[in-house]
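Okay everyone, thanks for coming. Let me put the structure up and then talk you through it.

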Amino acid sequence: MISMTSEELQLLRSGALGVATLIELDFASPIGVQRYTSWSSDLTVEGRPYKGIGHILAVPEVKYSAEPHNDTHTLAISSADLSVLGMALGPAHTYVGRPARLYTVWMRPDGTPLPQRRIYFTGVMEPVAVAEDDDGAGTTLGRIEMPLRRVGLARSRNAEGIRMTHAQQQTDYPGDMGLSGMEKMLQSQVWHSKEYQRASS
């Protein structure tokens, strides 16, 4: 559950709420962290500047969930903008396997961001690829695609999510006692594999 501020609730009820994506890509030194936004102009959020490149950047669909259903996201960058291509087409060792974070920030009707950003994806950058589209009129449009892979997803998906403790449950859902007896149950119960149970039956 997302806890909203009073200003966020007011904007949501009025229908005057915009949403921008914030992208942070952590390149190796001397490049460092590069910050971009899907908004059409530059933004400063939580003291961090984000370059507005909304007209050339296609960002993944935003989905908030307690379960990690999305293995990867893909950033698509228009090859018509050379200033961003330099970032995307640098040497692989400067970005592959390095951290990438995606946030959303809610926007006021006057185009200014609310002070709080919300993270919805953390992972690492994968090697870029070049893709082409036909606009239907015989013109070929190129784009650079950078996959972003979620870290540690395979482990959590094997269990269909991460087991929570009672304390963690209270942090996310105060008052929910559904896991209050989990620790005691795990200590007192012998857990057998499915193979063992089949062999014993």
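I'll start with the overall picture, then go inside, and finish with one arginine.

A quick word on the model: it's predicted, so local features need pLDDT of at least 70 and side-chain atom pairs count only at pLDDT 80 or more, while totals for chains, interfaces and linings use all residues. Residues are numbered from 1 along each chain as its sequence is written, and side-chain values use heavy atoms, with hydrogens and water left out.

So, what's in the secondary structure? We get 6 helices and 10 strands, which are DSSP runs numbered from the N terminus: helices are H or I with at least four residues, strands are E with at least two. The protein has 201 residues, and 30% of them count as buried, meaning under 20% relative accessible area with a 1.4 Å probe, protein chains only.

Now the inside. The largest nonpolar core has 14 residues, and Ile-23, Leu-25 and Leu-75 are among those touching the most other members. By nonpolar core I mean buried Ala, Val, Leu, Ile, Met, Phe, Trp, Tyr and Cys residues joined through side-chain atoms within 4.5 Å. Strands 1, 7, 8 and 10 each supply at least two residues of this core, and strand 8 gives the most, with 3. Apart from that core lies another, of 8 residues, including Leu-22 and Tyr-50.

Last stop: Arg-118, which lies in strand 8. Is Arg-118 buried or exposed? Buried, at a relative accessible area of 11%. Its side chain makes a polar contact with the side chain of Glu-8, at 2.5 Å. That term means a pair of N or O atoms within 3.5 Å; within protein, one must be able to donate a hydrogen and the other to accept it, and residues adjacent in sequence count only if both atoms are side-chain atoms.

Conventions: Buried means under 20% relative accessible area, exposed over 50%, partly exposed in between (1.4 Å probe, protein chains only).
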